[in-house]
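Here is a short briefing on side chains and how they pack. Look at the structure first, then read the points below.

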Amino acid sequence: MKSQQDIIVNNLFTMKISLEQLNELKDERFEDLCKALILKEIGPGSIIFGSGRDGGREATYSGEANYPSHTEKWNGKWIFQSKYCNTHGLVDDARSTIKGYIDSEPKSLEKYGYFKDGKCDYYIIITNVSFTGVAKKGTHDTIEEKIEKNLKKYPFKGFHYWDGVKVLSLLDANPDIKDEFFPPSNKKLAEKIDSGVQLLLDKIESIKDKPNKSSEIDAVIEQGKYLVDNYCCITAIKIFNMIKEKYWGETNEIQKYKILTSLGIGKLKCIQSEKDEGVVSEGANYLIDALDHNKEDEKALCNYAIGKQNLNNHDEAIRIAKIVLSKNEKSDIAYSIIVSSSQDNEDLNDVINKVPVQYREQPHTALAIGTVAIKKDSNDKAEEWLKKVLRGDNKKIIEGAKSLLASIYIEQAAKEKMASKISEDSKKKLLDAISMLSELWDIYSRTEMRNIRIHVFANRAFAKYLLGNIADGIKEYDIALEADPENENFIMNKANLVLHSENASLITEEIINSAKILHNKSGVSRATLLLIDLLMRSGIKKNKEEALRIAGNAIEDKVADLFVRKELLDKLLTMYLNDHRDKDAERIKNILKKDFPESIRTIINDAILTCTKEGISKGLPMLITAYSLSLKDPESNNFHILAETFFEYKIYDKAAKCYEHIVDIGKLDDRLDKMLLSLYQANYKSQLLTIMSTIRARHGLLKKYTLKESSLLFETGKKEEALNLIEQLIKVNERDLSLLLERATYLYGLERFDEVDKFLLAVIDFESLSKSEQLSLSSLYSKRKNFNQAIDIAYNLYRKNNKDLDVLNQIVGLFLLNNAEFDNYLVLDKVIYNTSVYVDWDGSEECYILEEKKGQTTISNEINADDDYEIIHELLGKRVNDDAKIGNVVGSKNLRKIKKISHKYIDAYYFAKKYLETKGYKDAKYVIGKIDENMTPEQFENTLKEAIDQLNDKGLLENKDEQDEDDDKIR
């Protein structure tokens, strides 16, 4: 049962989500919400599937979970499916749609084979649509009736649904998920708080009419203290100020002490930065004044010392702390005051030795030691002491330790990123930092501390950026800026993340204007560099011109920060070089050589200008010198510029070396991807393999780069190594269809056909694959002689990409059997296995197909065959115009003349002719007219090439209206 205080806090600061807000999520976002709830409600063992065609499921789970309750636990194979319906003005229609899903979804599960394989014991469908509760006729009852029928018809053990109301209740039970999907705006939070505060103030106003004023005041003081403890300090301060104003003369000494102490603690908790000197002073003085009303109390003395400490009167703080220790030698807070009041020049060990060994690991003391260690730049020691705090059970102290510990981890990773690369240990710590900051934000985000503690959220965004999750970092800075729109650090950090994303579309006018405000406010500074980068990267001509103007004006000013001046000169030189303004570039280069003669960038710029003016032979020695110097200086931008310059002059071996270093220090971005492609096109495959193996060693199995590496290994003949890499990826992505397809392709190259066929026989949702992957799958089907599936995929692709040359060529190549495997399929010399044999049968033509499958031989399309074995051996080895003895209706043997022998898939060729004629490809018609089934393979190949060339070079389709009609006919 919730206490009265809980109810106050919940009523004040819990944001209610409506069904309308749930509807506003739209399809994909609602699906993400469902996945988050599944993970939280069912368990972290739930397997979540990505967006796209999901084969009837959003997530699966295997095992036991505390659902539907802790006593009635489901145990088995689970499947979850989300169903979003837009309910704006169409709630009844949406409810009808969901009823339809209740009937259709079990059929889909049956289609995908989940019942046959025992993969679905329990099924839960989740929707944003709310159901009505009218008896018998309402949605709940009609759906329950449908579920009962399905439970009898299909082998379910359980079938549930979560409607919109159920989803809202789950969100209330999981506020962290609610805040992620419905972050409360400052306006809504403020409105809610104002409303709640007014209720409390009205209650205080009513005390004057109560006979037992003192007990009523006590009750309100306790509620106010609870609000302070639960980060509702602004409301609490209003309450205590009102009590102080209205009833101060009627309060006793202890009540006065509690009011002043709560005001002091509340004020100090509201400190946002060092600039809040007035708030600090006010809070400290409340704590000092409170002692007058409770002079002998240990807590009152400690609070007095904390007040003095905040006013920088550390000697007095230590004196009072020692008085407390004379009364209680175990006082945790007193020791923490002595530690935190130590002098800046004191050695950390000397500070620690001020506390007896047996009391050092008390929570307040350990936190104070950790904080002092941070101030003394001893992060290792700070981490050691803060971890001691985490082992305790004081929640408030633990929160402080987590915030500090996360900051240490992020600072360390940021330093590593700037210097070289983030170590594996630091990456693990960053994940810990994100987890700790998430826990803290869950606490702060639903309280008045949301804005005051917004730095916690911003720190989490920065940690995600350091781990390479730039998109999430940008989103989180957006939320941070909503709370604190003029925060310079937030503006700078978000803009830097946008630049690192390499996505020019994210560079909006709003971001540029924010950077301009910072530049105008602080003069020529790092904000100026940021503004120039944003303007340049935007890709808009007028912005580039403005960047050039700002940089040109800035270097005329006296810039105290040498780093800023050097960067400005470098940027200006680059812009002049790009605009071919050689005289201006020469001028800036000379300034750089004069002001920064030892700068590697200066040498690089000088080399680039020399290459431009005097040729590569003159500039190359300077570039190599810059490269050698850069090896001693881990500034990654030098290597990017060097690599791009080496590429420009086709010095690929040196460019590859630059990118080996870039990868080694952990820089993976779009520029790297472009350079990898250039290396591949230049046939520098061994260097490519070195780079990609370095990526794997430094960053683990990143799918994008591991696929590139495995593909290159396969291409260079290292097929088993390629397969092994893919197998490693599949171990951590067991249901990734694109990886399974890649493995099957390698298995085919290794002639492990049984394993390929096993993959192809499975139910494959090919539409979930990319275009290139679908083309690969189509090709694999054709190579394994499954032309029906190959044609289905190719035709589906054609319908969606009818102007895509890759798709058109795939269809032509597939339908005309353009595969090396079928070199001799058109005309064969004699009958062998897997051929079609055409014989004369009383003036008409009949076809016998000889197949060999897994050691067995069969004949299909035979007429009145007495014995497959006999007919096969009668036909094998025969040639055109030979006679064959084949049985007739009465069992006698008749001589049949062999008219033609071809590959058994010749029918696909005929289908291709018909298809191309029906579709009306202009030039294909002409070429098909020249194709004859009696052509030699070489003649056919040449004709086919002519067809494809003409399709590529000329108009591909006839009248679009005719094309649509043809589509309908074929469908």
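Tyr748 counts as buried, because its relative accessibility is 18%; buried means under 20% relative accessible area, exposed over 50%, and partly exposed in between (1.4 Å probe, protein chains only). Phe753 is partly exposed, at 27%. This is a predicted model: local features need pLDDT of at least 70, side-chain atom pairs count only at pLDDT 80 or more, and totals for chains, interfaces and linings use all residues. Residues are numbered from 1 along each chain as its sequence is written, and side-chain values use heavy atoms, leaving out hydrogens and water.

**Aromatic pairs**

- Tyr748 and Phe753 form a tilted aromatic pair, with 5.3 Å centre to centre and 55 degrees between the planes.
- Rings of Phe, Tyr and Trp (its six-membered ring) pair if their centres lie within 6.5 Å; planes under 30 degrees apart count as stacked, over 60 as edge-to-face and the rest as tilted.
- The whole structure holds 20 aromatic pairs.
- Phe462 and Tyr465 are also paired: their centres are 5.7 Å apart and their planes stand at 35 degrees, so this pair is tilted.
- Both sit in helix H22 (residues 454–466), three residues apart, so about one helical turn separates them. Helices (H or I, at least four residues) and strands (E, at least two) are DSSP runs, numbered from the N terminus.
- Phe462 is partly exposed at 23%, whereas Tyr465 is buried at 10%.
- Ring pairs also link a cluster of Tyr61, Tyr67, Trp74, Trp78, Phe80, Tyr122 and Trp162.

**Nonpolar cores**

- A nonpolar core is a set of buried Ala, Val, Leu, Ile, Met, Phe, Trp, Tyr and Cys residues joined through side-chain atoms within 4.5 Å.
- The largest one has 190 residues, and Ile204, Ile243, Leu534, Phe759 and Leu777 touch the most other members.
- Helix H19 (residues 395–419) gives this core its largest share, 10 residues.
- Another core, of 29 residues, lies apart from it and includes Leu25, Phe30, Trp162 and Leu170.
- In soluble globular proteins, nonpolar side chains tend to be buried together.

**Lysines**

- Lys178 lies in helix H7 (residues 175–181). Its relative accessibility is 4%, so Lys178 counts as buried.
- The charged end of Lys256 sits over the ring of Trp248, 5.1 Å from its centre. For Lys388 the ring is that of Trp385, at 5.0 Å.
- A charge sits over a ring if NZ of Lys or CZ of Arg is within 6 Å of the ring centre and within 35 degrees of the ring normal.
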